[in-house]
Amino acid sequence: MAYSDFKLIEVIDSFGLVIHELSGLFASVEEQECSYLLSTVLKGNVDLAVAISTKKARSEMIISPILLEIRRKFNYEISLFSGVDFTVDRQRELNSFCDFILSLSSEQLLVRSPVVVLVESKNENLRSGLAQCIAEMVAAQIFNERSGNQIKAIYGAVTIGTIWQFLKLEGNVVSIDLSEYYIKDIKKILGILYSAIAQSKP
């Protein structure tokens, strides 16, 4: 079984997780300015990606530019991975590929701990990606602990590019923000992603 095969009840039971559903979990997070570059890219790409309506188009044309913007905001001192193998524990079925990973390590050739943010791209409803994202967050938690980087929280996002939903894993508690953030709220989306990285940096 791979990350994408998990159902929500399975991932909760398998890893002894507690789910907290909250609205506005990240409401107080400060917005981040959207650069002229990202604004221009999104202006030209969003409608096209929506028209093509595939996961690949949404990932390449909307999600990647947003995550690259976050990397620029941290002066390229964090690493960004797309479509990489993130096999952590085959026996516990924590294996397969992740759509996007953000790590505090500046190394770009290999995924190094601490992994902080995992972003799961979908071309359908967000709920279908929650279990997969949570499984990846658990894998990141284990990956970090094995490397001696026990950061307080792992963050996750499920997105179709134009809509984003965010999660946070602390210990065995998964907090799911029931609020959805739309691409018109790009400053808020950037703010949440930026805050997740900033709060985890030593």
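**Note on the predicted model**

1. Asn75 is exposed, with a relative accessible area of 57%. Here buried means under 20% relative accessible area, exposed over 50%, and partly exposed in between (1.4 Å probe, protein chains only). Asn75 has a positive phi of about 55°, although it is not a glycine. It sits in the loop between α3 (55–73) and β2. Helices (H or I, at least four residues) and strands (E, at least two) are DSSP runs, numbered from the N terminus.

2. A word on the basis. This is a predicted model, in which local features need pLDDT of at least 70 and side-chain atom pairs count only at pLDDT 80 or more, while totals for chains, interfaces and linings use all residues. Residues are numbered from 1 along each chain as its sequence is written, and side-chain values use heavy atoms, with hydrogens and water left out.

3. Tyr76 also deserves a look. Its phi is positive, about 60°, and Tyr76 is not a glycine either. Tyr76 lies in the loop between α3 and β2. At 46% relative accessibility, Tyr76 counts as partly exposed.

4. Leaving aside neighbours within four places in sequence, Ser59 is in contact with Ser64, Pro65, Phe100 and Ser121. Contact means heavy atoms within 4.5 Å.

5. Helix α2 (residues 36–52) holds Asp47. Asp47 is exposed, with a relative accessible area of 62%. The C-alpha atoms of Asp47 and Met61 are separated by 9.7 Å. Along the chain, Asp47 and Met61 are 14 residues apart.

6. How many residues of strand β3 (residues 97–103) are buried? Six of the seven are, so β3 is largely enclosed by the rest of the structure. Strand β2 (residues 79–85) pairs with β3 in the antiparallel sense, over six bridges. Two strands pair if DSSP finds at least two bridges between them. Strand β4 (residues 115–121) also runs antiparallel to β3, joined by four bridges. Ile101 has Leu118 in β4 as its bridge partner.

7. Asp85 belongs to strand β2. Its bridge partner in β3 is Phe97. At 44% relative accessibility, Asp85 counts as partly exposed. Not counting residues up to four places away in sequence, Asp85 touches Ser96 and Phe97. The side chain of Asp85 also makes a polar contact with the side chain of Thr87, at 2.7 Å. A polar contact is a pair of N or O atoms within 3.5 Å; within protein, one must be able to donate a hydrogen and the other to accept it, and residues adjacent in sequence count only if both atoms are side-chain atoms.

8. Check the peptide bond from Ser113 to Pro114. It is cis, with omega near 0°. Pro114 lies in the loop between β3 and β4.

9. Strand β7 (residues 173–177) is mostly covered, with four of its five residues buried. Strand β1 (residues 18–22) pairs with β7 in the parallel sense over five bridges. Strand β6 (residues 163–170) pairs with β7 in the antiparallel sense over four bridges. Val173 in β7 stands opposite Val18. Glu170 stands opposite Val173 too.

10. Which residues line the largest pocket? They are Leu8, Ile19, Glu21, Asn125, Leu126, Arg127, Leu130, Gln165, Ile176, Leu178 and Glu180. By class, the lining has six nonpolar, two polar and three charged residues. Ala, Val, Leu, Ile, Met, Phe, Trp, Tyr, Cys and Pro count as nonpolar, Asp, Glu, Lys and Arg as charged, and the others, Gly among them, as polar. About 210 Å³ of space lies in this pocket. On a 1 Å grid over the protein atoms alone, a pocket is an open set of points where a 1.4 Å probe fits, with protein on both sides within 12 Å along at least five of seven lines; lining residues have an atom within 4 Å of a point. Grid points are joined across faces, edges and corners, and the volume is the space filled by probe spheres set on the points.
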